[in-house]
Amino acid sequence: MTQKYDVIILGAGAAGLMCAIEAGKRGRRVLVLERADRVGKKILISGGGRCNFTNLYSSPENFFSGNPHFAKSALARYTPADFIRLVEKHRIPYHEKKLGQLFCDRAASDITAMLEQECRDAGVEIRCNLKVSEVGKNNGHKNDLHENDQFTVQAEDARFATPRLVVATGGLSIAKIGATSFGYDLARQFGLQIVPPRAALVPLVFSERDRKVWCDLAGVSTEVMASARSTKRNTEQTFRENMLFTHRGISGPAILQISSYWDGKEPIRLDLAPGRDLTADFRARGHRDESSWKFLLREALPRRFADRWLETYPLAGNSDRAFTDAERQLHAWEVRPEGTESYGKAEVTAGGVDTGELSAKTMESKKVPGLFFIGEVVDVTGQLGGFNFQWAWASGFCAGQEL
């Protein structure tokens, strides 16, 4: 027997739950189907278990997409202040960590509990541990309005039908919590274009030669200015945050940020002493030799890194030119990563359903009426710091208002 709903949402993550809440508030009979054993698994592990649920300074400039203007409408219609009001309504304590990043004081489960409560209040039905095997579309009969343009959703032991289907299945990042290509496959099934997915906000892997030189420094962290140039867009992005050496390469906020803009071809440039004029400091000290330079580097960098740097890039003498060249190299270290740690350690997936296929106001497919795509499955990706959650809330809200 086919069970009928006004709206069916595939995926009980941030975007799917927000969409369900808004549709339920509007009196729709909403069903959310989730293949995992509980809702919001990515929410629960985010932000070290505290959930960086939004960013106070969210703006379109914090997102990248094949169409940089696409996200503007949704982000304007549902802002960080809107989500903060919801958090405060449920009396969830939170704090700003840095750079506008808001985290739960207690645990990320506060956010999932809030969303589940809002779903209950809106009459939303959620079914977990339910794997969808097939989605189809029945164009019905023109004289039967109820059956016209119905989507059919086949699960293991149940069949559902709805005139409005929302795909909120996320991307390929963090496969251990159930990430799959289902959303992309579904989009292709209905003839929508896909921007090739790729790992974003992801650690970078050194070449074998660089691993031998640097990777025993795993655990060492230092502030850097990381820059990457995109030959495709002829633009350069720069982020000033911490970098962390790993057993295979580099990570940390600065590297995760720049990884999203790295084209895999051009080198990444790292300023290891951002904002510092070491040569001026050196001259002011009077005594100038290799020992003094080493002492200065140990002030600018973690000691182990400073010593390894001098072993790898020794001074070419005691001349002014030698010290000037040494500082120049310190401010412009070029690293050519071998690749990334891929989806296993990526926080998000860039690429996805081409924004040219969707309405920027409603997230509905232009080709297939009644079919919506929201959240990470769409080609809109935020920077590190709560922006991807804000896109999930905003895109889910906008679709929910249309259902």
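In which helix do Arg-188 and Asp-185 both lie, and how many residues apart are they? Both lie in helix α6 (residues 182-189), three residues apart, about one turn of the helix. Helices here are DSSP runs of H or I of at least four residues and strands are runs of E of at least two, numbered from the N terminus.

Before the points, a word on the source. This is a predicted model, in which local features need pLDDT of at least 70 and side-chain atom pairs count only at pLDDT 80 or more, while totals for chains, interfaces and linings use all residues. Residues are numbered from 1 along each chain as its sequence is written, and side-chain values use heavy atoms, with hydrogens and water left out.

1. The side chains of Arg-188 and Asp-185 meet in a salt bridge, at 3.5 Å from N to O. A salt bridge is a side-chain nitrogen of Lys or Arg within 4 Å of a carboxyl oxygen of Asp or Glu. Arg-188 is partly exposed at 44% relative accessibility, and Asp-185 is partly exposed at 39%. For these labels, buried means under 20% relative accessible area, exposed over 50%, and partly exposed in between (1.4 Å probe, protein chains only).

2. **Other salt bridges.** The count comes to 22 salt bridges. In one of them, Glu-357 joins Lys-367, with the closest N and O atoms 3.2 Å apart. Both residues sit in the loop between β21 (348-353) and β22 (371-373), 10 residues apart. Glu-357 is buried, with a relative accessible area of 7%, whereas Lys-367 is partly exposed at 48%. Elsewhere, Asp-216, Arg-308 and Glu-311 are linked in a network of salt bridges.

3. **A seven-stranded sheet.** Follow the order β19-β18-β15-β16-β17-β14-β20 and you have an open sheet of seven strands with antiparallel pairing. Two strands pair if DSSP finds at least two bridges between them. At the edges stand β19 (333-335) and β20 (339-340), each with a single partner strand, so one side of each is left without a neighbour in the sheet. Helix α12 (residues 320-331) lies across β18 and β19, running at about 120° to β18. That angle is between N-to-C directions, on a scale from 0 to 180 degrees, with axes fitted as lines to C-alpha atoms, for helices over the stretch in contact.

4. **Strands β15 and β16.** Within this sheet, β15 (residues 221-230) and β16 (residues 235-245) pair in the antiparallel sense over 10 bridges. Ala-226 stands opposite Phe-239 in β16. A salt bridge also joins Glu-223 and Arg-240, whose closest N and O atoms are 3.3 Å apart. Glu-223 lies in β15 and Arg-240 in β16, so the pair ties together parts that are 17 residues apart in sequence. Glu-223 is partly exposed at 37%, as is Arg-240 at 41%.

5. **The nonpolar cores.** The largest nonpolar core has 82 residues, and those with the most contacts inside it are Phe-83, Ile-111, Phe-160, Phe-373, Trp-391 and Trp-393. Helix α13 (residues 387-402) gives the largest share of this core, nine residues. Apart from this core lies another, of 46 residues, among them Leu-201, Leu-217, Ile-268 and Phe-323. A core of this kind is a set of buried Ala, Val, Leu, Ile, Met, Phe, Trp, Tyr and Cys residues joined through side-chain atoms within 4.5 Å.

6. **Ile-111 and its neighbours.** Leaving aside residues up to four places away in sequence, Ile-111 touches Ile-43, Cys-51, Phe-53, Phe-83, Val-87, Ile-92, Cys-104 and Trp-393. Contact means heavy atoms within 4.5 Å.

7. The buried residues of α4 (residues 80-89) are Pro-80, Phe-83, Ile-84, Leu-86 and Val-87. They cover an arc of only 155° around the axis, which puts them on the same side of α4; the arc is that of the directions from the helix axis to the C-beta atoms. The face turned away from that buried side carries the exposed residues Arg-85 and Lys-89. Among the elements that cover the buried residues are α1 (14-25), α5 (109-121) and α13.

8. **Strand β7.** Gln-101 and Phe-103 point one way from β7, Leu-102 and Cys-104 the other way, and all are buried. β7 pairs with β4 in the antiparallel sense over three bridges, and Asn-52 stands opposite Phe-103.
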